[in-house]
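Dear colleague,

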Amino acid sequence: QAAESADPDARRARLCVAHFYLGHYALLAGNRGKAIESFRNALATGANTLRQHQGAEIDLKRLTGAP
């Protein structure tokens, strides 16, 4: 809910950041599947100029072994 914004770019950026950190929270909790889902959701926002987007891509590759 905190990611909601009338500005679509701001909304996309906030959602990307939220999903990235949710992914790391899931990893810390030992929930690999949820982490992968969250990192995929971060990438799906298309906010590719953000460090969190780039980090989600790296983390997803590490977790899935995808090139």
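In which helix is the place of Ala42? Ala42 belongs to helix α2, which covers residues 32-44. Please bear in mind throughout that this is a predicted model.

Ala42 and its surroundings

Ala42 has a relative accessible area of 0% and is therefore buried, as this value is under 20%. Leaving out residues up to four places away in sequence, Ala42 touches Cys16, His19, Phe20, His53 and Ala56.

Thr45 in the loop

Thr45 is located in the loop between α2 and α3, the latter being residues 51-64. A polar atom of the Thr45 side chain lies 2.6 Å from the backbone oxygen of Ala42. Is Thr45 buried or exposed? Its relative accessible area is 13%, so Thr45 counts as buried. Residues up to four places away in sequence again being set aside, Thr45 touches Arg12, Leu15, Cys16 and His53.

Asp59 in helix α3

Asp59 is part of helix α3. With a relative accessible area of 9%, Asp59 is buried. Beyond its neighbours within four places in sequence, Asp59 is in contact with Phe20, His24 and Phe39.

The aromatic residues

How many aromatic pairs does the count come to? The count is two. In the pair of Phe20 and Tyr21, the ring centres are 4.9 Å apart and the planes stand at 75 degrees, so this pair is edge-to-face. Phe20 counts as buried because its relative accessibility is 11%, while Tyr21, at 46%, counts as partly exposed. In the pair of Phe20 and Phe39, the ring centres are 6.1 Å apart and the planes are at 45 degrees, so this pair is tilted. This second pair links distant parts of the chain, since Phe20 is in helix α1 (residues 8-28) and Phe39 is in helix α2, 19 residues apart. Both Phe20 and Phe39 are buried. Through these ring pairs, Phe20, Tyr21 and Phe39 are linked into a cluster.

With kind regards

How values were computed
Residues numbered from 1 in each chain as written. Predicted model: local features only at pLDDT ≥ 70, side-chain atom pairs only at ≥ 80, totals over all residues. Heavy atoms only, no water. Helix = DSSP H or I, 4+ residues; strand = E, 2+ residues; numbered from the N terminus. Buried < 20%, exposed > 50% of the residue type's maximum accessible area, 1.4 Å probe, protein only. Contact = heavy atoms within 4.5 Å. Polar contact = N/O pair within 3.5 Å; in protein donor to acceptor, adjacent residues only side chain to side chain. Phe/Tyr/Trp six-rings, centres within 6.5 Å; stacked < 30°, edge-to-face > 60°.
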